[in-house]
Amino acid sequence: MLEAEVPVPLTAALRTDDTALLKRYPWPAPEFSRVDGTFVLSVHGLVVDTGTRRILVDTCVGNARQSVPFLQMLDTTWLDDLTALGYPPESIDTVVCTHLHFDHIGWNTRLVAGKWVPTFPRARHLVTRVEWDHWADEVDAGLHDTMRPLVDEGLVDFVETDHRVCDGVRLEAAPGHTPGQVAVVVESGEERAVITGDLVHHPVQFIEPDVPSLADSDATLAAATRRAFVERYADTGTLVIGTHFPAPTAGLLQRGGDGTVRFVADGRR
């Protein structure tokens, strides 16, 4: 569920001075690497509809946010677009916050008559305990209008990083970008998909996992998480859905004959 796409310089998202990094690899879509050295950063949420559960993974930036580092004072149709697809706010029963950075929790609340109120009033909002404990006392974390109204109304469940959301949907620890970040694993029969959270911001980090994201709180741990992710999912047929990847947002991790990993975007070869 797209909120915004932003062309960004490599060094605005990844902590590297290697400006030729993206050019060393062939990308199946120009959004992943542009001739001017930029790439497209997508801000979107993802709906997992099991037939009995409607789970929204991450809620983007949100409208009318003055304090966010970028994309300030948005006025998008994101919520209307979600409704038009058949998912009005009151139909969402679970919101998973992969972590508590501003661009993943913004639509947790919306501004109504000058007050921030829950956008998804019937949903349980899942946040890992370790993530909440890390951010809750940070006065500048921006949680006063995105999370506190939910906590005050008893809509938040603090869970473990391996929490089972429901049949076929579970959380998987992905620390490093933030201490309590999780990926979301979706399984049905022999098929499996995983929503990355911010363990990567660009597919090149699957190939070169030691390249950190600019906002990684623990770059060494984040790199270890990326390496473990590649080992776990490469050549397994698992659909990898990038939380910040523009269309095509999903793809497979495949090893070449020399053992190097590439991200093969869905529908592209």
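**Exercise 1. Determine what the side chain of histidine 99 contacts, and whether histidine 99 is buried or exposed.**

*Solution.* Begin with the polar contact, which joins the side chains of histidine 99 and glutamine 181 at 3.5 Å; a polar contact is a pair of N or O atoms within 3.5 Å, where within protein one must be able to donate a hydrogen and the other to accept it, and where residues adjacent in sequence count only if both atoms are side-chain atoms. This is a predicted model, in which local features need pLDDT of at least 70 and side-chain atom pairs count only at pLDDT 80 or more, while totals for chains, interfaces and linings use all residues. Residues are numbered from 1 along each chain as its sequence is written, and side-chain values use heavy atoms, with hydrogens and water left out.

Histidine 99 is buried because its relative accessible area is 0%, where buried means under 20%, exposed over 50% and partly exposed in between, with a 1.4 Å probe and protein chains only. Finally, if residues up to four places away in sequence are not counted, histidine 99 touches Asp58, His104, Ile105, Glu131, His177, Thr178, Gln181 and Asp198, contact meaning heavy atoms within 4.5 Å.

**Exercise 2. Identify the strands that pair with strand 8, and state the sense of each pairing.**

*Solution.* Two strands pair if DSSP finds at least two bridges between them. Strand 5 and strand 8 run parallel and are joined by three bridges, with valine 96 having leucine 126 of strand 8 as its bridge partner. Strand 8 also pairs with strand 9 (residues 156–159) in the parallel sense, over four bridges, and here valine 127 has phenylalanine 158 as its partner in strand 9. Four of the five residues of strand 8 (residues 124–128) are buried, so strand 8 is largely enclosed by the rest of the structure.

**Exercise 3. Work out which side of helix 6 is buried, and which strands helix 6 lies across.**

*Solution.* The residues of helix 6 that are buried are Ala222, Ala223, Thr225, Arg226, Phe229, Val230 and Tyr233. They cover an arc of only 160 degrees around the axis, and therefore lie on the same side of helix 6, the arc being that of the directions from the helix axis to the C-beta atoms. On the other side of helix 6, Thr220 and Glu231 are exposed.

**Exercise 4. Give the strand order of the open sheet and name its edge strands.**

*Solution.* The open sheet consists of seven strands in the order 10-11-12-13-14-15-16, with mixed pairing. Its edge strands, each of which pairs on one side only, are strand 10 (164–166) and strand 16 (261–265). One of the pairings is that of strand 14 (residues 239–241) with strand 15 (residues 250–255), which is antiparallel and has two bridges; in it, isoleucine 241 has alanine 250 of strand 15 as its bridge partner.

Technical notes. Axes fitted to C-alpha atoms, helices over the stretch in contact; angles between N-to-C directions.
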